[in-house]
Amino acid sequence: MAAPKTPPRQRYRQLNRLEAALEVPMFVLSLAWLWLLVVEIARGLTPWQETAALLIWGLFVFELALKLLLAPRKRAFLKRNLLVVIALAVPALRLFRLLRGLRVLRAGRTLSSARFARALSSGSRLWQALKQARGPRPDPEMNVGVLIAVGGFSPLADLQTFARGLADEVQPLLQRDTPLRWHFHFTEPSALGSDASRRPSDFLDSASLRMAEGPFDMVLVITDVPLNSRANRLEAGLASPTTRTAVLSTRKLTAASRDNALRALDAPAVRRNGAALLLHLLGHLLALPHRRQPSGSVMSPFRFDPDRHRPPAFSDTDLNTLRRHAETLPERELHGGNVFERLLFHLLMAARRPRALLTPLLRNRAILLPLSLPSLATAAVAPTLLLIFTAEIWDVGLGMSNRTVTLYAVLSIVAATLYLVNIQDLLLPRREKRVLTEHLAVANVVIFISILLACVGLFLMVGGLTLLIEFYIFPHDLIQTWPTLDQERVDWRDLVRLAAFVSTVGMTTGALAGGLESRTVIQHLALFNERP
């Protein structure tokens, strides 16, 4: 009696579970195969590398055969994976190398079939991983999350009414001027606890969480507390094109001159100027350049105009820019994803948004960040002052080679960066990471590179201090005749090598000791513009 066949739906589930289970290990194997390809092109493979390549090829064939066995529609499965089938079949053709008539299979090392197969298979897998990491193409619409952050200066109901009025006023203008559908979604309000002034970076945690939960293409925070820029100026609103987050403060809109009373939130002038400011901030989030000269367009410098009758319009140049880049404006999203897909997503989105990546990096001077964090600098300098006067550290540092010191410094800086980023939970969103949007990925790359530069700056600062001690405090004769060295004299290169070793130890100690406060770090990263 023949065994009953497995239902197609159950076989689909089995196939999906198998693909999910093998995704990470097979991706790692594809990277290893690609590495073997590069090695073979560069200098050729050793016998054990040839064996490893053959073993990886066998695992790929076994995986394909297992999936083919589970696939309910085998012809459709082979058609969908035709490139992989060809890539895995080519190495088998090497068995015919004994047939001298097939000279094409014996053409030199550069065109060997195994190398071609590795390129096809690894390229196919990497391309599939890249497509998965890029996320699906978003719909041609912009979803704006609106977060009401109440400090207590204005009633929550008044703020909500004001925010909905702004959204109702600017939505038709945006849909008229951009080839996209616009939707405003009001999220659960947030209580700030006091009406003390805030910096825009203080709202990033809540805004990024809303963006991931939505997920939204951008998040607008409307608050009744004063808003301080990095230069300690009170502003009506600030935007972060890097994180696609804008903060609008009603306190500056309702403020009046010394002899006049505060304006009411429902006053026509407040509503119209609020709509103009909102359009201006959204323009920044859409990567439109700031027009420094007053021209009456949306991107001109914002000023409260009590006689304003209607919101400004986008200039012709801005309209052309919006229409030309309409397809890239909605956010790509990565839902879930393994560690490799998340890494690829960060790299791809950073490459896709070079301006949003480079602007804060050029503006925040992250390499000088340790000077703004005294606890971090102290945690690094304090052990350095002890180590530099210890004979054992001189014996180790002067006995190391330049290559060893350099490798130790590079690895320590990278490890310290990874430790600080993870221990301080600096990546956005800080609590919910199942959904990652495009601009949050760009912001995370900015954060990582900034902390990396800060560690480099800390290394240079401690190294410079060590060199000063070596050259100007230590007795010259003592340095020149260090007893444990084989060479007769110590030159400046030995002192630099010793300073690099001591600096690496101090920098690592500073990173392990913490010395960072996440809110302070985020404030120094210049993710928001200086002016509205």
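Visitor: Is E438 buried or exposed, and what is its relative accessible area?
Guide: E438 falls in the buried class, where buried means under 20% relative accessible area, exposed over 50%, and partly exposed in between (1.4 Å probe, protein chains only). The structure is a predicted model, in which local features need pLDDT of at least 70 and side-chain atom pairs count only at pLDDT 80 or more, while totals for chains, interfaces and linings use all residues. Residues are numbered from 1 along each chain as its sequence is written, and side-chain values use heavy atoms, with hydrogens and water left out. For E438, the relative accessible area is 0%.

Visitor: Which residue does the side chain of E438 meet in a salt bridge?
Guide: A salt bridge is counted when a side-chain nitrogen of Lys or Arg lies within 4 Å of a carboxyl oxygen of Asp or Glu. For E438 the N to O distance is 2.7 Å, and the partner is R352.

Visitor: How many residues apart in sequence are the parts that E438 and R352 tie together?
Guide: E438 belongs to helix α16, whereas R352 belongs to helix α11 (residues 339–352); helices (H or I, at least four residues) and strands (E, at least two) are DSSP runs numbered from the N terminus. R352 is partly exposed, with a relative accessible area of 31%.

Visitor: Where does E331 lie, and which residue makes the polar contact of 2.5 Å with its side chain?
Guide: E331 is found in the loop between α10 and β9, and it is buried, with a relative accessible area of 2%. A polar contact is a pair of N or O atoms within 3.5 Å; within protein, one must be able to donate a hydrogen and the other to accept it, and residues adjacent in sequence count only if both atoms are side-chain atoms. The side chain of E331 has such a contact with the side chain of R244 at 3.3 Å, while the partner at 2.5 Å is the side chain of H439.

Visitor: With which residue does E331 form a salt bridge?
Guide: The closest N and O atoms of this salt bridge are 3.3 Å apart, and both partners are buried. Not counting residues up to four places away in sequence, E331 touches, among others, E438 and H439, where contact means heavy atoms within 4.5 Å. The salt-bridge partner of E331 is R244.

Visitor: How far apart are the axes of helix α12 and helix α16?
Guide: Helix α12 (residues 354–364) and helix α16 (residues 438–472) pack at an angle of about 30°, with axes fitted to C-alpha atoms over the stretch in contact and angles running from 0 to 180 degrees between N-to-C directions. The contact involves A356, L357, P360, L361 and N364 of α12 together with V442, V445, V446, I449 and S450 of α16. The distance between the two axes is 9 Å.

Visitor: How many residues of the contact of α12 with α16 are nonpolar?
Guide: Ala, Val, Leu, Ile, Met, Phe, Trp, Tyr, Cys and Pro count as nonpolar, Asp, Glu, Lys and Arg as charged, and the others, Gly among them, as polar. By this division the contact has no charged residues and 2 polar ones, and the number of nonpolar residues is 8.
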